[in-house]
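Subject: Structure handover

Dear colleague,

I am passing on the structure we spoke about, with the sequence alongside it. My notes on what turned up follow below.

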Amino acid sequence: MTKTNYTSSGSFGGFWRWLKALALTLVVALLSFTADAQNVLVTATAGTTSGSYATVSAAFTAINAGTHQGAITLKVVANTTEPAAPTALLKSGAPSSYTSVLITPFGGNFTIGGAATPTANRAIIELNGADNVTIDGDDPTVAGTRNLTIGFSTTAATIAACIRVSSNSTLGTDGANNNTIKNCIITGNRVSGGTTVTYGINMSNYSTTSLATGGYSSLNNRFENNLITRCYHGIWAVGVSATYPNTGLQIINNV
């Protein structure tokens, strides 16, 4: 009987090296995917009670679909790069079902970043008739009160906003109500000295072709203690209807 010895040389050794390289590639890819998918951690009191997403936009898609329900918290635990045309959070109503949404950093200073090439007349975060949403940039476990940046790294000459809080009807039936944006660093995409109209916080009526449409019956919103830079308009809040006015707006201690 002839005994065969397999060593690291020869065809078997080459196959073994290929197999190890393939396994390493798969591990690296899996780790990369896992890291990307865990930028935003979601907890909820109903529906699917936990989940992780690469972006806030992806988390909004799940909330709109009714995946996460009740009181929902989005913890930003790593920097995100949001899509140029993000998913807007809609009001609670079938299939979505939430009572409140909190977006906050957790465990560090993080950025919800806009796309390198923004889509005109869109925002990084869009609340489209959504109610009871709080974006609070203060992480109590980290020094300072503004631990969350929502902004662009680019200075592309594109009409865009960092955050849009918009009604979604001209009939006063779908205002964005009881939303709070506080303790955030908001950085626009304005070119220094440029005349392109950009916005830090934009309060309007939803449109994908204009950020300058006035809002209808968006009630009791609060913008407080934000640091806003590199924007043509730091905070822009306009209503157009005497029948369906925006009321209860508070703009407090922003820089």
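With a relative accessible area of 17%, T180 is buried; please keep in mind throughout that this is a predicted model. T180 sits in strand 12, which covers residues 180–182, and, leaving out residues up to four places away in sequence, T180 touches V133, T134, I135 and R222.

The largest nonpolar core has 40 residues, and among them L74, I135 and I150 touch the most other members. Helix 2 (residues 56–64) supplies the largest share of this core, namely 5 residues. If you centre the view on I150 and set aside its neighbours within four places in sequence, you will find I150 in contact with I112, I124, I125, I135, C162, I163, C184, I185, I186 and T187. There is also a second, separate core of 5 residues, including A123, A161, Y199 and L211.

Turning to the sheet, 5 strands form an open arrangement in the order 5-8-11-14-17, with parallel pairing. Strands of a sheet pair through backbone hydrogen bonds. The edges are strand 5 (89–90) and strand 17, each of which pairs on one side only. Strand 17 is joined to strand 14 (residues 199–205) by 4 bridges, and the two run parallel; as a point of orientation, N202 has W236 in strand 17 as its bridge partner.

Strand 17 spans residues 233–237 and contains G234, which counts as partly exposed, its relative accessibility being 29%. Although G234 and G200 are 34 residues apart in sequence, their C-alpha atoms are 4.7 Å apart in space. Leaving out residues up to four places away in sequence, G234 touches G200, I201 and I228.

Best wishes

Conventions. Residues are numbered from 1 along each chain as its sequence is written. This is a predicted model: local features need pLDDT of at least 70, side-chain atom pairs count only at pLDDT 80 or more; totals for chains, interfaces and linings use all residues. Side-chain values use heavy atoms; hydrogens and water are left out. Buried means under 20% relative accessible area, exposed over 50%, partly exposed in between (1.4 Å probe, protein chains only). Contact means heavy atoms within 4.5 Å. A nonpolar core is a set of buried Ala, Val, Leu, Ile, Met, Phe, Trp, Tyr and Cys residues joined through side-chain atoms within 4.5 Å. Two strands pair if DSSP finds at least two bridges between them.
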